[in-house]
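Reader: I'm new to this one. Could you show me the structure and walk me through a few of its parts?

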Amino acid sequence: MNNGFAAPAIAAAISIGLVAVLLGMAVTARRTQHSPDDFYLAGRRIGPGQNALALFAGFVLFTTIFTMTGHVSLNGLDAILFSAAFAMSWLIALFFFAGPLRNIRGTTIADVFALRADPRTARVASIVVTLLLFLTYSIVMMEGGGIVARMLFGIGSETGRSIMVAGMGVLAIVIVLVGGMLGTTRVLATKGVLIIGILAVLTVIALVKYRFNLVQLLGDAQAKAVPHPSGSDLLAPGREFNGPAGPIVHISKLFVAFVGHAALPYMFMRYFTATSGPDARRSAGWAGILTTGFYMCVAFLGLAAVALLGGQNIGMAPPLRDTTLPILADHLGGPWMAGLLGAVALIIVVGMLATLLMSAVTSVTRDGSALRQVAPEPADELRAARRNTVVIGAATVLLGTVLLQVNVHVLLPVTISFAGAAVLPAVVYSLFWKRFNTAGLRWSVFGGLAVTAILFLFSGLMSGTPIAILPNADFHLVDFDPALASVPIAFLLGYLGTLSSRERNDAGFAQLQVRALTGAVLPAVRNPDVATAPATGATRAGRTPSAL
Amino acid sequence: MGTTSSLSQADRYVAVHDSARFQTLRRQAHTFTAWASVIFTGWWFLMILLAAYTPGFFRQAVPGNLNVGLLLLLLTFAMVIVITGLYLRYARTVLDPAADVIRADVEGAAR
């Protein structure tokens, strides 16, 4: 890859400074880590401003900013449509996740499910979903780290790239280990500020270059774009919709991003750290607004790259489109801007790995001890959480480094499909359907996972297309991304599963709704038989429905 | 037995849930969520289908080197901000005060 646009030395120097700052943040957060809740949830003391920045930063992957800019330069309107799907997904987060989940005061999603279903099933569902999505997503993040190493730090050798990616992973482990959720949140908030800052500066410079004449810019982008085989103009739909397999491929991508993104555990677990339900809601709302502004800048920069540089001179093929933003940064701001962008890209990857690791450690430690029905001493649980950080983190870094040679990028839509199918129906039914029960939870979560996995196995993401994991084999039967079918099927499975069982727990539903809407929590009653009632089948099935 | 404080925890939640005040809050919150969801989900699916199957409509020129598709995209971005803003305001001015009253009542009576 010719990367004359990169400024590796400047990027490395800025990175070292930034990493020192981030480590300092983690170390100062260490003093606050007295209990497991301090570690998992930052003591539920994250205010709405910082949480909004952290949520936004948790949303921005390497691909969100680099690939999307190149995507807009290549595919114009169809790509901007794709980015709008992600912006829209924040409305689902706002209405169905942020306020209700924080009000219920959970630590993992199991605390929500357990109000409606058998606690054991709830814990297993939480641990399986959180860990699976952590693994697949982390592998994609590390692949992004490899691209950053090659593209922006000029590291040509495979060994060098592996070492750098492993270094990013170790840095993320240290941030989580030392700083817990508070340290991770501060790192993410810093990442958010850096992203907003550099995009805003680039946008303003490009606007000034065009003397704020957006009409002219649109015209130039249209005229200078590389012609597309489908014959579609840059600013008209068709460049993605008219693929070899027809419009269904792009339709499925627009659907997946919209329905699945809010249901990623590492995203919604951040609401649990907010100071209150209303603050969680505010943070989701502002994160959505930040994301919308972010994508408008990305769309603008993607079009500006074509208008200023000409379609021939920026990344033309999909593997090269990631270079569009660095080329533009170099053009607009010179080597210092390109170097700063490289350092920000490094922080983007490290921040993602840290926040993902945080979600896995929280679920494995907390849900794990609940499954074994032990109530560890707080100091022991804190120690276990730190041990799990090292074990899970090291195993993941090893796996991700080994998989650097494999085409794992397709795991991105697959992960979001898993979240949409396994989590969204279970959360929506838990919040709004009185009849929902253990069987419904089991069918929707595990059925959703299974259907998504099978669809993935036989999709163009696994085989039969150039981007697939096995590009040289072809046993694909469906062209679309899994969630287009698996989310509706998971909703159906949750419905059928619920009806297949006679269990119902109207009291659990009443409790969930009161807590989700008001944040009220009644202290546990002294009589242990009554307090643990939801665990026994007789009591659960015993309540007759009140006609509401 | 018989007084509120000696009811089981589950029964107390049911009692709060069935109270008129909570039912009003629930209806207001869920009505807003339902309408907003119908609007933004419907809008998005309409956008997807129009872009995929009526490219000619999206391509129609609008003054200023724009076209219908780009205008609808700008509207989509604007809609995210507007719906978010409206919900945050509705929740702050209508839902939260009602929730606070119920919560203070529930947690106060429990002590």
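**A helix and an interface**

Author: Let's start with helix H19 (residues 506-518) of chain A: its 13 residues reach 18 Å from first C-alpha to last, close to the 18 Å expected at 1.5 Å a residue. (That expected span is 1.5 Å times one less than the number of residues; helices, H or I, are DSSP runs of at least four residues, strands, E, of at least two, numbered from the N terminus.) This is a predicted model, where local features need pLDDT of at least 70 and side-chain atom pairs pLDDT 80 or more, while totals for chains, interfaces and linings use all residues. Residues are numbered from 1 along each chain as its sequence is written, with chains lettered from A and ligands numbered from 1 in the order written.

Reader: Which element gives the largest share of the side of chain B that touches chain A?

Author: Contact here means C-beta atoms, placed from the backbone, within 7 Å. By that rule, 47 residues of chain B are in contact with 49 residues of chain A. Helix H1 (9-18), helix H2 (20-53) and helix H4 (68-110) of chain B are among the elements that each supply at least two residues of that side. The largest share, 19 residues, comes from H4(B).

Notes
Two residues are in contact if their C-beta atoms, placed from the backbone, lie within 7 Å.
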